[in-house]
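Have a look at the model below first. Then we'll go through it together, one question at a time.

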Amino acid sequence: MNPKFKRIKLFLFDLEGVLFNDGDSPSELVLLLNEYFTDPVFEECKFGIVSARENDSLIERLHKTKNCVVISSTLDKVTAVDKLLRKLDLNYDSVFFMGDELLDLPLLRKCYISAAPSNARREVKRSVNMIFKSSGAENILGELKKIYMKSKEAPSRGTKC
């Protein structure tokens, strides 16, 4: 159980290698994200995808995902998230980010909880707060939900999602 999750108001994910891998179905990913990102367990939270991927049909579909902000076509993820946090009136003390590549390290270092999937680069795994046992969107989101639910069950110190 990780009580730090009680502070999280924004869950951010890299796309390629974290939520989406070669051979994955874009349609299935969008359906899965709609399911998890609107789950009542996360009712007070927001979600986002921060990706260097250029705008394409998958990115366009992700923009239609409920309760999800999509930032794409950017190599400078920190600057892009800075703008998002100002818009949402949040700071990095309430942000979770999962990344897998060296490009993600600057943002991983700024977030309150940084995470990597099991298939992340070794350098990334050495830099994050937690490494998930799984990889692939369904497994990662399932593991995240379990961790988050356990954190909500723990005695509260006045902090919500």
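**Strands, helices and a few residues**

Reader: Which strand is the place of C68?
Author: C68 belongs to one of the strands; helices (H or I, at least four residues) and strands (E, at least two) are DSSP runs, numbered from the N terminus. With that numbering, C68 is in strand 3.

Reader: Before we go on, what kind of model is this?
Author: Residues are numbered from 1 along each chain as its sequence is written, and side-chain values use heavy atoms, with hydrogens and water left out. Local features need pLDDT of at least 70, side-chain atom pairs count only at pLDDT 80 or more, and totals for chains, interfaces and linings use all residues; what you see is a predicted model.

Reader: Okay, back to C68: is C68 buried or exposed?
Author: The cut-offs go by relative accessible area: buried means under 20%, exposed over 50%, partly exposed in between (1.4 Å probe, protein chains only). C68 has 12%, so it counts as buried.

Reader: Which residue in strand 3 does F47 stand opposite?
Author: Two strands pair if DSSP finds at least two bridges between them. Strand 2 (residues 46-50) and strand 3 (residues 68-71) are joined by four bridges and run parallel. I49 has V70 as its bridge partner in strand 3, while F47 stands opposite C68.

Reader: What is the order of the strands in the open sheet?
Author: The sheet is open, has six strands and pairs them in the parallel sense. Strand 3 and strand 6 are the edge strands, each pairing on one side only. Reading across, the order is 3-2-1-4-5-6.

Reader: Which residues point the other way from L10 and L12 in strand 1?
Author: Strand 1 pairs in parallel with strand 2 over four bridges, and its pairing with strand 4 is also parallel over four bridges. L12 has F97 as its bridge partner in strand 4, whereas F13 has I49 in strand 2. All four residues named for strand 1 are buried; L10 and L12 point one way, and the other way point F11 and F13.

Reader: At what angle do helix 1 and helix 6 pack?
Author: Two packed helices are described by the angle between their axes and the distance between the axes. Axes are lines fitted to C-alpha atoms, for helices over the stretch in contact, and angles run from 0 to 180 degrees between N-to-C directions. Helix 1 (residues 26-37) and helix 6 (residues 137-153) have axes 10 Å apart, and the angle is about 5 degrees.

Reader: Is helix 1 roughly parallel or roughly antiparallel to helix 6?
Author: Angles under 35 degrees count as roughly parallel, over 145 as roughly antiparallel, 65 to 115 as roughly perpendicular and the rest as oblique. The angle between helix 1 and helix 6 is about 5 degrees, so helix 1 and helix 6 are roughly parallel.

Reader: Is S114 buried or exposed?
Author: S114 lies in strand 5 (residues 113-116). Leaving out residues up to four places away in sequence, S114 touches F97, L108, S127, V128, N129 and M130. Its relative accessibility is 3%, so S114 counts as buried.

Reader: How many Å apart in space are M130 and A115?
Author: M130 is in strand 6 (residues 130-131) and, at 16% relative accessibility, counts as buried. A115 is one of the residues in contact with M130. Although M130 and A115 are 15 residues apart in sequence, their C-alpha to C-alpha distance is 4.8 Å.

Reader: Is D89 buried or exposed?
Author: D89 sits in the loop between helix 3 and strand 4, with a positive phi of about 55 degrees although it is not a glycine. Its relative accessibility is 68%, so D89 counts as exposed.

Technical notes: Contact = heavy atoms within 4.5 Å.
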